[in-house]
Amino acid sequence: MGIAEFFLGFKKPFQYIYAGESHIDIFLTIRGSLKKTKTIENLSILDLNTYDFLDIKRELLEVETGIILNSRNFIFNIFEFDKLPFNEVQRRDIIEWRLGKVFPENIEQYKHSYFRLNKKKILSILFKESFKDKIEKLFEKNNISLIYIGNSTIEILSNISKMKISPDFFLEIDGKLSILLFQTNSVPFYIRKFVIEKDSDLLKEILKTINFVRENYSKEFHTYSIVTDGSDIDLNQIRIELSTENIMEINVNNEKSLLLPT
């Protein structure tokens, strides 16, 4: 489950950029596997101009490239329908009608894609056209062939769904940005995105969200995973607290980067 169709036709790039909250990671395909070759600190992709982009360009090869963006500027909704039309045009119409009921802004300013999770559930994803255009122009002006734009949360979801044992929820952390995604049999049913100013608030927000989902979805949780790209947040207290609630970690730290397409 990637979002290649959301932005650009998918062809596997030789080189990837992961654009985090305040850093850039560069990955190259080496002997058939993606390896991180460089981290550039204190950079945000949407704050860059053509001149600032040179700090990234000098670390890149002149090959086909993909970029994975974290979820700060993405808007997720999960909708459930009694029945979805078979016809693609009619299906999109009813999904966008439902989206219009909960989304206050003009949808025309956004790139909208959706994925069918099962017969009744849809994952809707919005990303501002102006952000997409800015990224594409940065690469174009620097003569870097950008052939794929993806989203970290969706890439994680896709990669975790391929694991033999899939967690009941996963926590994605990038700096102050966190995403909690809850699923049943690898089908998402609730996503929450939040920003914390103090590291000590992260555990509070996690527990608050778990209790909300328990009460509103009548779910119990037994497993979770944490996916982070070099966060300096101490995760031990989270692990200890969740273990006291008999929620056990499925460790994915040794997996290849779950932020990138496989």
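**Close-up views of a predicted model**

**View 1. A right-handed crossing of helices α6 and α7.** In this predicted model, α6 and α7 cross in a right-handed manner. Helix α6 spans residues 200-217 and helix α7 spans residues 236-244; they pack at an angle of about 30°, with their axes 10 Å apart. Because angles under 35 degrees count as roughly parallel, α6 is described as roughly parallel to α7. Look between the two helices for the residues that meet: α6 brings Leu-202, Leu-203, Ile-206, Leu-207 and Ile-210, while α7 brings Gln-237, Ile-238, Glu-241 and Leu-242.

**View 2. The largest nonpolar core and the surroundings of Phe-139.** Here we turn to the largest nonpolar core, which has 50 residues. Those with the most contacts inside this core are Ile-24, Ile-45, Ile-56, Ile-67, Leu-69, Ile-135 and Phe-139. Setting aside neighbours within four places in sequence, Phe-139 is in contact with Ile-17, Phe-53, Thr-65, Ile-67, Ile-144 and Leu-146.

**View 3. The hairpin of strands β6 and β7.** Four residues lie between β6 and β7 in this hairpin. The strands, β6 at residues 110-116 and β7 at residues 121-128, run antiparallel and are joined by seven bridges.

Note on methods. Residues are numbered from 1 along each chain as its sequence is written. This is a predicted model: local features need pLDDT of at least 70, side-chain atom pairs count only at pLDDT 80 or more; totals for chains, interfaces and linings use all residues. Side-chain values use heavy atoms; hydrogens and water are left out. A nonpolar core is a set of buried Ala, Val, Leu, Ile, Met, Phe, Trp, Tyr and Cys residues joined through side-chain atoms within 4.5 Å. Buried means under 20% relative accessible area, exposed over 50%, partly exposed in between (1.4 Å probe, protein chains only). Contact means heavy atoms within 4.5 Å. Two strands pair if DSSP finds at least two bridges between them. Axes are lines fitted to C-alpha atoms, for helices over the stretch in contact, and angles run from 0 to 180 degrees between N-to-C directions. Angles under 35 degrees count as roughly parallel, over 145 as roughly antiparallel, 65 to 115 as roughly perpendicular and the rest as oblique. A crossing is left-handed if the near helix is turned anticlockwise from the far one by less than a right angle, and right-handed if clockwise.
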